[in-house]
Amino acid sequence: MIQTKTDYILRSLRKLSHKTWELFIITRILHELDDDEIEFVTQQLVRRPDASRALTDLYFPQLDLHLEIDEPFHNYQLRTDQLREQDIVLITGHRIERIKVLDEAGQQKPLHRIRFEVDNFVSLIKKLKESQIKKAHFIAWDWDKKFSSVPIIERGYLDVEDNVTFRKQTEAMRCFGFIGKGYQRGDWPIPDGTHDRIWFPRLFEHFIWHNELTADGKYIFERALNDEGVRSIAKQLKDAEAHPERKIIVFAKAKDPLGANLLRYVGTFVINIYASTKWEIRFDLIRSREPIRVGYQRN
């Protein structure tokens, strides 16, 4: 388990030990940058605006900046079976830069030219940080507060485009009035009299379910894999008929690129009774920004 920022940094770099150019370029970036306030993620799975998926080699969450390193024989083909549980970031509005190892003639660039391009990229990172500081938008990478609900509650809303993540269910629930110490169930009723719920689905095949978030983020399909799942669907649809106004705030379970658990806000949905069947429930996205609700509290 990753306990400190140092653990995180060392494990992130260890992942690159067999990737020659990625290791050289990313370690040079981090050493030249020499800034513990800037967070980075290696090998981040992303959803592009056209709904396709890709891996970016380096991601700076505070700056909405990605780097892709084009190596010889670089394989961008996603292996769905290995990545199906990995956390996915929406990159609408993000900036993507590239460093190409080969030149226009297909020959490997000399090392001094790679260094020059890397240093230019480091300069870009510094300028983006300076720009945010001038606008009072920059928030330093605080390992202990990274997955805390406190800044989200202070801001007053969740937004899909902000890629909001938590490590614990209770942190997500605190945004809606929870004051207990622990919680292990897959959903939680919000105690404000609305019948709305928070849901923590695994968006892949798991026990009696195969849940899927569509590539465009607009629908979630909950598919039963056996009779137990069918019975659960029947119960949920009956409940949805009794409470058609119910909103479902979804925090999808996933793992970050280092294998740690994450809960990412992917939107607020409603059950579409008419598009559902005995084997499948369709959840429709109704909004991607959700106001915080802390006026009512319950353990």
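## Basis of the description

Helices (H or I, at least four residues) and strands (E, at least two) are DSSP runs, numbered from the N terminus. The model is a predicted one, in which local features need pLDDT of at least 70 and side-chain atom pairs count only at pLDDT 80 or more, while totals for chains, interfaces and linings use all residues. Residues are numbered from 1 along each chain as its sequence is written, and side-chain values use heavy atoms, with hydrogens and water left out.

## Nonpolar cores

A nonpolar core is a set of buried Ala, Val, Leu, Ile, Met, Phe, Trp, Tyr and Cys residues joined through side-chain atoms within 4.5 Å. Buried stands for under 20% relative accessible area, exposed for over 50% and partly exposed for values in between, with a 1.4 Å probe and protein chains only. The largest such core holds 36 residues, and Ile25, Ile29, Phe60, Leu67, Phe121 and Ile125 have the most contacts inside it. Two or more residues each are given to this core by helix H1 (5–14), helix H2 (20–33), strand S1 (41–47), strand S2 (53–60), strand S3 (65–70) and helix H4 (111–134).

Contact means heavy atoms within 4.5 Å. Residues up to four places away in sequence not being counted, Ile125 touches Ile29, Leu33, Ile38, Phe60, Leu63 and Leu65. A second, separate core has 21 residues, including Leu158, Ala172, Ile198 and Ile249.

## The largest pocket

Pockets and cavities are found on a 1 Å grid over the protein atoms alone: a cavity is a set of points where a 1.4 Å probe fits but cannot get out, a pocket is an open set with protein on both sides within 12 Å along at least five of seven lines, and lining residues have an atom within 4 Å of a point. Grid points are joined across faces, edges and corners, and a volume is the space filled by probe spheres set on the points.

The largest pocket contains about 1,200 Å³ of space. It is lined by 42 residues, of which Pro61, Gln62, Lys146, Asp162 and Asn163 are the closest to its centre. The elements that give two or more residues to this lining are H1, S1, helix H5 (150–155), strand S7 (165–166) and strand S14 (261–277). H5 supplies the largest share, 5 residues. By class, the lining has 18 nonpolar, 11 polar and 13 charged residues; Ala, Val, Leu, Ile, Met, Phe, Trp, Tyr, Cys and Pro count as nonpolar, Asp, Glu, Lys and Arg as charged, and the others, Gly among them, as polar.

## The enclosed cavity

A search of the whole structure finds 1 cavity of 30 Å³ or more. The largest cavity has about 60 Å³ of space. Its lining is made up of Arg47, Ile88, Val89, Leu90, Val160, Asn163, Leu213, Arg264, Tyr265 and Val266. Strand S4 (88–90) and S14 are the elements that give two or more residues to this lining, which has 7 nonpolar, 1 polar and 2 charged residues.

## Aromatic pairs

Rings of Phe, Tyr and Trp (its six-membered ring) pair if their centres lie within 6.5 Å; planes under 30 degrees apart count as stacked, over 60 as edge-to-face and the rest as tilted. The count by this rule is 14 aromatic pairs. Tyr8 and Trp143 form a tilted pair, 5.6 Å centre to centre with 45 degrees between the planes. This pair links distant parts of the chain, with Tyr8 in helix H1 and Trp143 in the loop between H4 and H5, 135 residues apart. Both Tyr8 and Trp143 are buried.

The pair of Phe178 and Tyr183 is edge-to-face, because the ring centres are 6.2 Å apart and the planes are at 70 degrees. Phe178 counts as buried at 5% relative accessibility, and Tyr183 is also buried, at 19%. Ring pairs also join Tyr8, Phe40, Trp141 and Trp143 into a cluster.

## Residues in loops

Ile190 lies in the loop between strand S8 (187–189) and strand S9 (197–199). With a relative accessible area of 5%, Ile190 is buried. Apart from neighbours within four places in sequence, Ile190 is in contact with Phe176, Asp196, Arg197, Ile198, Ile249 and Arg293.

Asp64 is in the loop between S2 and S3. The phi of Asp64 is near 55 degrees, a positive value in a residue other than glycine, and Asp64 counts as partly exposed at 33% relative accessibility. Phe207, in the loop between strand S10 (205–206) and strand S11 (209–213), likewise has a positive phi near 55 degrees. Phe207 is exposed, with a relative accessible area of 69%.
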